[in-house]
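Subject: Handover of a structure and findings

Dear colleague,

Please find the structure below, together with its sequence. My findings follow it, and I would be grateful if you would read them with the structure open.

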Amino acid sequence: MIKDPRTKGALTELIVKQKFIENNFNVYEPCLASDEIDCIVEKNKKYFRIQCKTAHYDKRVDSYNVSILGANYRVYAADAFDYLAAYLPDKEYLYLIPKNKLKGKNLNIIVDREFSKYDKDKYTRTFFVKDYLNNFNLV
């Protein structure tokens, strides 16, 4: 298991790009390091800005946590990117979530179980994202 956050993030970006390529997208990288866009993908002359994040399992809430913050814990601008690519390394799952579905600074992703009333009441930023799993048709 990779411990270094920069290495883990770089690996996530490579895996996300690979998955887009496998799904017949063209993938472009920014020339300069960008805090908001990790890559741009294109298919059928439509372009989308992608922000890649690694999800971490949180056993306290039985879900995966994704921080939706940029460098220096900055909140992203509303138009910073089009899709969040949330990768779960231990499951090798990739979720492509539209930016307009994201609220707050964190996202909890529930996998392998049903969404419960407890989740709705206790963790308002948690939602069941089954529809976004490997759904390259959304993009």
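A nonpolar core is here a set of buried Ala, Val, Leu, Ile, Met, Phe, Trp, Tyr and Cys residues joined through side-chain atoms within 4.5 Å. Please keep in mind throughout that this is a predicted model.

The cores

The largest nonpolar core has 18 residues, and Tyr95, Leu107 and Ile109 touch the most other members. Two or more residues of this core come from each of strand S5 (63-67), strand S6 (83-88), strand S7 (93-98) and strand S8 (106-110). The most is given by S6, with 3 residues. Apart from this core lies another one, of 15 residues, which includes Ile15, Phe25, Cys39 and Ala85.

Once neighbours within four places in sequence are left aside, the contacts of tyrosine 95 are Leu84, Ala85, Ala86, Leu88, Ile109, Val111, Val129, Tyr132 and Leu133.

The chain as a whole

The chain has 2 helices and 9 strands, and along the sequence these follow the pattern α-β-β-β-β-β-β-β-β-α-β. There are 139 residues in the chain, of which 38% count as buried. The accessible surface comes to about 8800 Å², and carbon and sulfur atoms account for 49% of that surface.

Salt bridges

The count of salt bridges comes to 5, and three of them are described here.

Aspartate 82 forms a salt bridge with arginine 49, with 3.0 Å between the closest N and O atoms. This pair links distant parts of the chain, since aspartate 82 is in the loop between S5 and S6 while arginine 49 is in strand S3, 33 residues apart. Both partners are partly exposed: aspartate 82 has a relative accessible area of 25%, and arginine 49 has one of 27%.

Strand S3, where arginine 49 lies, covers residues 46-54. Not counting residues up to four places away in sequence, arginine 49 touches Ile37, Cys39, Ile40, Asp79, Ala80, Phe81, Asp82 and Tyr83. For one of these, alanine 80, the C-alpha atom is separated from that of arginine 49 by 8.1 Å, although the two residues are 31 apart along the chain.

Glutamate 13 forms a salt bridge with lysine 17, and here the closest N and O atoms are 4.0 Å apart. Both residues lie in helix H1, 4 residues apart, which is about one turn of the helix. Glutamate 13 is partly exposed, with a relative accessible area of 23%, whereas lysine 17 counts as buried at 10% relative accessibility.

Aspartate 58 and arginine 60 also meet through their side chains in a salt bridge, at 2.7 Å from N to O. Aspartate 58 is buried, with a relative accessible area of 16%, whereas arginine 60 is exposed, with 72%. As for networks, salt bridges that share partners join Glu13, Lys17 and Glu29 into one.

Cysteines

A search of the whole structure finds 0 disulfides. Cysteine 39 counts as buried, at 0% relative accessibility, while cysteine 31 is exposed, with a relative accessible area of 84%.

A surface patch

On the surface, Ile2, Leu11 and Leu14 form a nonpolar patch, and together they have about 250 Å² of accessible area. One of the three, leucine 11, has its place in helix H1 (residues 5-22). Leucine 11 is partly exposed, with a relative accessible area of 37%.

With kind regards

Definitions and conventions: Residues are numbered from 1 along each chain as its sequence is written. This is a predicted model: local features need pLDDT of at least 70, side-chain atom pairs count only at pLDDT 80 or more; totals for chains, interfaces and linings use all residues. Side-chain values use heavy atoms; hydrogens and water are left out. A disulfide is a pair of cysteine sulfur atoms within 2.5 Å. Buried means under 20% relative accessible area, exposed over 50%, partly exposed in between (1.4 Å probe, protein chains only). Patches are made of residues with over 30% relative accessible area and no salt bridge: like charges are joined within 9 Å, nonpolar side chains (Val, Leu, Ile, Met, Phe, Trp, Tyr) within 5 Å. Accessible areas come from the Shrake-Rupley method with a 1.4 Å probe; for residues, only the protein chains shown count as cover. Contact means heavy atoms within 4.5 Å.
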